[in-house]
Amino acid sequence: MAELPLVLLHAFPVDSRMWNGVRATLAARTRLITPDQRGLGRSPMPETDREPSLDDAAADVVALLDKLELEQVVLGGCSMGGYLTMAVLRRAPERIGGLVFIDTKATADAPAAAANRHNVAERAERTGSVAWLAPSMVSKLVSKGTLYRRQDVVDDLRGWISAQPPAGVAWAQRAMAARPDSTDLLREADVPALVLVGAEDGITPPAEARAMADALPKARLVELPRAGHLSPLDDPAGVADAIVRWYDSW
Ligand code: MLT
């Protein structure tokens, strides 16, 4: 039975409130830590002239583990949080005793996707606002069932997106655009891993999750039938139960 604390890293363009629905179940099983990435949620954007890179966000995560005196944790994340998990794995594999990947992928951006991220970053900076982001993104982030029948979840998601600081949104987009392919990195990750994906995830579809599970030496793959890209919002009980069952299995 795994006893390591669990650190979960959030998706873009939201913050750690996306874990609200899974928090109680997971915190009853293990110590749960859900930081905000630099520039998003309640984490400040450090003054820096360095090119945006998830490596620097990974250094933030390692610094948090140092501060909390946690030698090793189970590290996981949803979508961008998964990309960041891979950046931490690259930087400090010895701090990771298990991995949880939710609605994410190991592949890098195609050139068109990276160019689109730079456009979003420039628009956020130019307008000094992200009010335009939620209307263009929400329908891609949640399942059809959530979109049409769970107005409270949709309202929360819109609110979280609209609350993100434009500078943090711009930094995250540029950092994600620069991330490398991590498939080979996963092949070397000889720790228990859980790969979760919503069957309706159109941003990081189930084929990407299967490729991650195939690359990871010790992976369990779980597909959640009624979930989209942010499965912790679409099916919080399914996500939390899958993590707890996996924790209990090793
Ligand atoms: C996310 O949910 O974190 C983003 O959709 C990931 C991405 O833009 O690749």
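With which handedness does H4 pass H8? H4 passes H8 in a left-handed crossing, where left-handed means that the near helix is turned anticlockwise from the far one by less than a right angle, and right-handed means clockwise. Keep in mind that this is a predicted model: local features need pLDDT of at least 70, side-chain atom pairs count only at pLDDT 80 or more, and totals for chains, interfaces and linings use all residues. Residues are numbered from 1 along each chain as its sequence is written. The names with H and E come from DSSP runs, numbered from the N terminus: helices are H or I runs of at least four residues, and strands are E runs of at least two.

**H4 and H8**

- Two packed helices are described by the angle between their axes and the distance between the axes.
- The axes of H4 (residues 111-127) and H8 (residues 166-177) come within 8 Å and cross at roughly 165°. That makes H4 roughly antiparallel to H8.
- Axes here are lines fitted to C-alpha atoms, for helices over the stretch in contact, and angles run from 0 to 180 degrees between N-to-C directions. Angles under 35 degrees count as roughly parallel, over 145 as roughly antiparallel, 65 to 115 as roughly perpendicular and the rest as oblique.
- On the H4 side, the contact uses Ala114, Arg117, His118, Val120, Ala121, Ala124 and Glu125. They meet Pro166, Val169, Ala170, Gln173, Arg174, Met176 and Ala177 in H8. Being in contact means that the C-beta atoms of two residues, placed from the backbone, lie within 7 Å.
- Sorted by class, the residues of the contact of H4 with H8 are nine nonpolar, two polar and three charged. Ala, Val, Leu, Ile, Met, Phe, Trp, Tyr, Cys and Pro count as nonpolar, Asp, Glu, Lys and Arg as charged, and the others, Gly among them, as polar.
- Glu122 also sits in helix H4. It counts as partly exposed because it has 13 C-beta neighbours inside 10 Å. The cut-offs go by other C-beta atoms within 10 Å of a residue's own, placed from the backbone: buried is 20 or more, exposed is 12 or fewer, and partly exposed is in between.
- Glu122 and Ala170 are 48 residues apart in sequence, but their C-alpha atoms are 6.9 Å apart in space.

**H1 and H12**

- Now for H1 (residues 20-29) and H12 (residues 236-248): their axes come within 8 Å and cross at roughly 20°. H1 and H12 are therefore roughly parallel to each other.
- H1 passes H12 in a right-handed crossing.
- H1 brings Gly21, Val22, Thr25, Leu26 and Arg29 to the contact, while H12 brings Pro236, Val239, Ala240, Ile243, Val244 and Tyr247. Eight of these residues are nonpolar, two are polar and one is charged.
- Ala237 is in helix H12 too, and it is exposed, with 11 other C-beta atoms within 10 Å.

**H2 and H3**

- The axes of H2 and H3 (residues 80-91) come within 8 Å and cross at roughly 75°, so H2 and H3 are roughly perpendicular to each other.
- Leu54, Asp55, Ala57, Ala58, Ala59, Val61 and Val62 of H2 make the contact with Tyr83, Leu84, Ala87, Val88 and Arg91 of H3. By class, that contact has ten nonpolar, no polar and two charged residues.

**Around the ligand**

- Which residues are around the ligand? They are Ala11, Phe12, Ser79, Met80, Met176, Ile203 and His229, going by a C-beta atom, placed from the backbone, within 6 Å of the molecule.
- This shell has five nonpolar, two polar and no charged residues.

**Loops worth a look**

- The peptide bond from Phe12 to Pro13 is cis, with omega near 0°. Pro13 belongs to the loop between strand E1 (6-9) and H1.
- Trp19 lies in the loop between E1 and H1, and it counts as buried, with 23 C-beta neighbours inside 10 Å. Leaving out residues up to four places away in sequence, Trp19 touches Leu8, His10, Thr34 and Pro232.
- Glu69 has a positive phi of about 55° although it is not a glycine. You'll find Glu69 in the loop between helix H2 (54-67) and strand E3 (73-78). With 6 C-beta neighbours inside 10 Å, Glu69 is exposed.
- Asp103 is another residue other than glycine with a positive phi, near 45°. Its loop runs between strand E4 (96-102) and H4, and Asp103 counts as buried because it has 31 C-beta neighbours inside 10 Å.
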